[in-house]
Amino acid sequence: MRRKLIAGNWKMNLLRGEGVALATALADRLAEGAGCDVLVCPPATAVAAVADAVAERGLLVGGQDCHAADSGAHTGDISAAMLADLGCTHVIVGHSERRQAHGETDAQVADKARAAHRAGLTAIICIGETEEERLAGRALEVCAAQIEGSVPETATAGTTVIAYEPVWAIGTGRTPTVQDVAEMHAHIRRALAERLDAAQANTIRILYGGSMKASNAAELLAITDVDGGLVGGASLKAEEFWRIVQAARG
Ligand code: PGA
């Protein structure tokens, strides 16, 4: 039985005070119990304040990226250990916005995931096809190749979460059909079985991301092999995000 995970990716939004207010509002609701894991990933500048504000309150905190190295001459970068030091339990790696805008390759994403594991963090490894790739009928093949290249061979359910985020669905209000999501998540699980082994593949959580919101969350989260959501825009308002958490409870 895979416990669902609802993760908010705040991206480059919210100043510290705003982030603390949002996280505190979520922690207040969490006190009544969620029935799933709930994670927020603030921008790096707000991680410490948010983690301090919700410490011991059940709301998990994560980073949005980390460097592949443990330390060194990497101006502007942040190590996984630095995130762990602030109270993070998770870090997103290989988000398509980083793959596209910063040219991150599968191999670099795998190295970041390894760095996260060394620091004791769970890596949320993002994959997903572009619209061009889907239209060309290559979505399944592209995502299987990303699993092969981005997931360290040592990944386990305890250290790794996969987020399937079709690039064309991110921030666009468009989502794949239920059938397409079901087909892709089953395919990703098969690719994980090939990359790792059947036992890990069956227990690793696979999130769906891309325009998930309160109004479509129940339908997406009910799909077999969808073990939660990675939520961008709809994670910036406590009420909207909480309705997605509630949808995960079923
Ligand atoms: P979105 O973003 O929910 O705003 O589409 C999701 C993501 O990029 O993680």
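Predicted model: local features only at pLDDT ≥ 70, side-chain atom pairs only at ≥ 80, totals over all residues.
Take the helix pair to begin with. Helix H10 covers residues 214-221 and helix H11 covers residues 238-249, and their axes come within 8 Å of each other. The crossing angle is roughly 20°. Angles under 35 degrees count as roughly parallel, so H10 is roughly parallel to H11. As for handedness, H10 passes H11 in a right-handed crossing.

Where the two helices touch, H10 puts in Ala214, Ala217, Ala218 and Leu221. Sorted by class, the contact of H10 with H11 holds seven nonpolar residues and two charged ones, with no polar residues.

Next comes the empty space inside the model. Rolling a probe the size of a water molecule over the atoms shows where such space is left. A search of the whole structure turns up one cavity of 30 Å³ or more, and the largest cavity holds about 40 Å³ of space.

The lining of the largest cavity is made up of Gly94, His95, Ser96, Arg99, Cys126, Ile127, Gly128, Gln146, Glu165 and Val167. Helix H4 (96-101) and strand E5 (122-127) are the elements that give two or more residues to this lining. In terms of class, the lining of the largest cavity has five polar, three nonpolar and two charged residues.

Terms used: Residues numbered from 1 in each chain as written. Heavy atoms only, no water. Axes fitted to C-alpha atoms, helices over the stretch in contact; angles between N-to-C directions. Helix = DSSP H or I, 4+ residues; strand = E, 2+ residues; numbered from the N terminus. Parallel < 35°, antiparallel > 145°, perpendicular 65-115°, else oblique. Left-handed = near helix turned anticlockwise from the far one by under 90°. Contact = heavy atoms within 4.5 Å. Nonpolar A, V, L, I, M, F, W, Y, C, P; charged D, E, K, R; others polar. 1 Å grid on protein atoms, 1.4 Å probe; cavity = no way out; pocket = protein on both sides within 12 Å on 5 of 7 lines; lining within 4 Å. Points joined across faces, edges and corners; volume = space filled by probe spheres on them.
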